[in-house]
Amino acid sequence: KGTDLARFSCYLLGNCIWERWILETGLYIHVPFCVKKCNYCDFISYPYYEADVKAYLVGLEQEMKLYSQSPVFQSREISTVYIGGGTPTCLSAFNLGKIINDVFKYFHVYTGAEVTMEANPGTVSPHLLASVQAAGVNRLSLGVQSCREDELRLLGRIHSFRQTEETFLMAREAGLHNIGVDLISGLPGQSALDWMETLKTIIALKPDHVSAYGLQLEAGTPLYEDVQNGLLAPCSEEEELEMFLQTGDFFANHGFDHYEISNFATPGRQCRHNLMYWYNQEYLGIGPAAHSYMNGCRYANEVQIYAYKDALDAGCLPVTSQEKIDTATEMAETVFLGLRLLKGLSLECFKRRFGCAIDEVYPGPLQKLTDIGLVESTGGYLRLTRRGLPVANRVFIEFLP
């Protein structure tokens, strides 16, 4: 199978990963608890209560055990693990350690697998970080979101930027040498100068990876309601575009690879788990509200913790919905997920995966998007142009069946 570097080069160099990685799977574990729900968040999460956490942990191990006993997983290898939330680090070091140990107990985890854990500043300690690192976590994803105190309050974050700095120091001292941060731009009242202040402050911490997303105002969240009621003015499209463009230029000037629309990495630190999504590879989701994409089907787990556990107590997987992905949908998703990558979609990989060239399937959209300068074919890849990057969704919709 080759070395770690050789296997990872399938992602970095754009070789035909569908042939080489066909039995490898990403594993996502959802931890649905938060100390406090943020003002912009519409993800499934619940307040932390000991009884709920206990029920969740019992169910989680039961779900892992059921999957491990399935013939489907006897020939599969887990190449990336991602523990997300919610806020995984609101759990104790002991409970997080047990989750990680159970992953290695029940699944065939590739030696050298990327094991990521999300963490929020203000919910970690030196002991917790050292414990999860010893258990197998080798990548930390920090939910920083902003380096400005006024913006952190607006977002409803529970941490200060000083706690972010302290968390970085603790993580490095705990032996975590691959640290990514999440940032959010386009906040109500935020200017391009404010955003640049955050970029300059975060780069001083020397992260290995940065995810810089534009704020999405989701219905039902406090931030959305404040904007709808006129209490906050939304960021203008012109300001959002300026922030997007300055982000790419800023990180490029600091030696980062802009490898996906919203993601930047120092050499060799691209998020391997997220790359599996963008290459439209298979992944298994464990935990309440987790989603999976396996054997040509998309699955969703039970959302409520006790309904989730009741299904598992009965010896059943807690799946509540299932959708068979037809070839047309798989093709479309492969195209627009691949176009999220700055290098683009490998035309040869598409042809080997589906048995036909992309221009045979989408002659009209390709001609249209090329003529207006939003996509280009170069070096065997179809990719977004610099002009196309800020309007990627406009491009993606052209490929929907």
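This is a short tour of one predicted model, stop by stop. Residues are numbered from 1 along each chain as its sequence is written. In this predicted model, local features need pLDDT of at least 70 and side-chain atom pairs count only at pLDDT 80 or more, while totals for chains, interfaces and linings use all residues; side-chain values use heavy atoms, without hydrogens and water.

**Stop 1: the core**

Select I29 and F107. Of the 70 residues in the largest nonpolar core, these two touch the most other members. A nonpolar core is a set of buried Ala, Val, Leu, Ile, Met, Phe, Trp, Tyr and Cys residues joined through side-chain atoms within 4.5 Å. Buried means under 20% relative accessible area, exposed means over 50%, and partly exposed lies in between (1.4 Å probe, protein chains only). Next select residues 50-68, helix α3, which gives the most to this core, with 7 residues. Helices (H or I, at least four residues) and strands (E, at least two) are DSSP runs, numbered from the N terminus.

Return to I29. Leaving out residues up to four places away in sequence, its contacts include Y56, L60, M64 and I286; contact means heavy atoms within 4.5 Å. In soluble globular proteins, nonpolar side chains tend to be buried together.

**Stop 2**

Select 345-346, 381-384 and 375-378, which are β15, β17 and β16. The 3 strands form an open antiparallel sheet in the order β15-β17-β16. Its edge strands, β15 and β16, each pair on one side only. Two strands pair if DSSP finds at least two bridges between them, and 2 bridges join β15 to β17. Look across from S346 to find Y381 in β17.

**Stop 3: helix α16**

Select 363-371. Which residues of α16 are buried? They include P365, L366 and L369. These lie on the same side of α16 because they cover an arc of only 100 degrees around the axis, taken from the directions from the helix axis to the C-beta atoms. The buried residues of α16 pack against α15 (358-361), β16, β17 and α17. After α16 comes G373, with a positive phi near 80 degrees.

**Stop 4: R387**

Select R387, in the loop between β17 and α17 (392-396). Is R387 buried or exposed? R387 counts as exposed because its relative accessibility is 57%. Beyond residues up to four places away in sequence, R387 touches I372, G373 and L374. The side chain of R387 reaches the backbone oxygen of I372 at 2.8 Å. The C-alpha atoms of R387 and I372 are separated by 9.6 Å, and the two residues are 15 residues apart along the chain.

Methods: Polar contact = N/O pair within 3.5 Å; in protein donor to acceptor, adjacent residues only side chain to side chain.
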